[in-house]
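Hello,

Here is the structure I promised to send you. Have a look at it first, and then read on for what turned up in it.

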Amino acid sequence: MTLSIMIPTIGRPCLSKVLEELKGQLELGDEVLVIGDGPVNADSVVRNFGPQFQYFQHGPDHFWGHPQRNYAMPLSKGTHLMSFDDDDAIYGDALQKVRAAIFQYPDSPLMFRMNHGPGVTWQAKEVADGNVSTQMFVTPNVRGKL
């Protein structure tokens, strides 16, 4: 099992923090695809993190990263796709928990709860309008089923 993590960016300084948090959690075969969507080219930032991190410019579109994620999907080589934003926090053992869930349900799309400090994005444990973020989804990277 390998992860392809897609991160649209508008070149904010917080991108480095996200990449640093991910770096310690990646395993062999994982990749991080950073897709530019703004006036600031983040290639030099991404290049500093090593070969598992790649940068592609696509945009600017300014549609909240959706065109960038769509652009990254066919480039992704991992068995599973994930998405983060350039201002998210990926703490401690987050990817370990994702891998455990994938191991249990390898062919299913998965949804995770994302914490923001003392609060959470979910107001209730349900899929509902305004209650789900793209960062909560992990899906098998199966062409034709995405």
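This is a predicted model: local features need pLDDT of at least 70, side-chain atom pairs count only at pLDDT 80 or more; totals for chains, interfaces and linings use all residues.

Now to the aromatic rings. A pair of such rings is described by the distance of the centres and the angle of the planes. How many aromatic pairs does the count come to? The count gives two. In one of them, the ring centres of Phe-49 and Phe-53 are 5.5 Å apart and the planes meet at 45°, so this pair is tilted. Phe-56 and Tyr-71 also form an aromatic pair, this one edge-to-face, with 6.3 Å from centre to centre and 65° between the planes.

Where do Phe-56 and Tyr-71 lie? Phe-56 is in strand β3 (residues 53-57) and Tyr-71 is in helix α3 (residues 66-72), so their pair ties together parts that are 15 residues apart in sequence. Phe-56 is partly exposed, at 21% relative accessible area, and Tyr-71 is also partly exposed, at 31%.

Stepping back to the chain, you will find four helices and eight strands. Along the sequence they follow the pattern β-α-β-α-β-α-β-α-β-β-β-β. The chain has 146 residues, and 42% of them are buried. Of the contacts between residues at least 6 apart in sequence, 68% join residues at least 24 apart. The chain exposes about 8,200 Å², with carbon and sulfur atoms supplying 57% of that area.

Enjoy exploring!

How values were computed: Residues are numbered from 1 along each chain as its sequence is written. Side-chain values use heavy atoms; hydrogens and water are left out. Rings of Phe, Tyr and Trp (its six-membered ring) pair if their centres lie within 6.5 Å; planes under 30 degrees apart count as stacked, over 60 as edge-to-face and the rest as tilted. Helices (H or I, at least four residues) and strands (E, at least two) are DSSP runs, numbered from the N terminus. Buried means under 20% relative accessible area, exposed over 50%, partly exposed in between (1.4 Å probe, protein chains only). Contact means heavy atoms within 4.5 Å. Accessible areas come from the Shrake-Rupley method with a 1.4 Å probe; for residues, only the protein chains shown count as cover.
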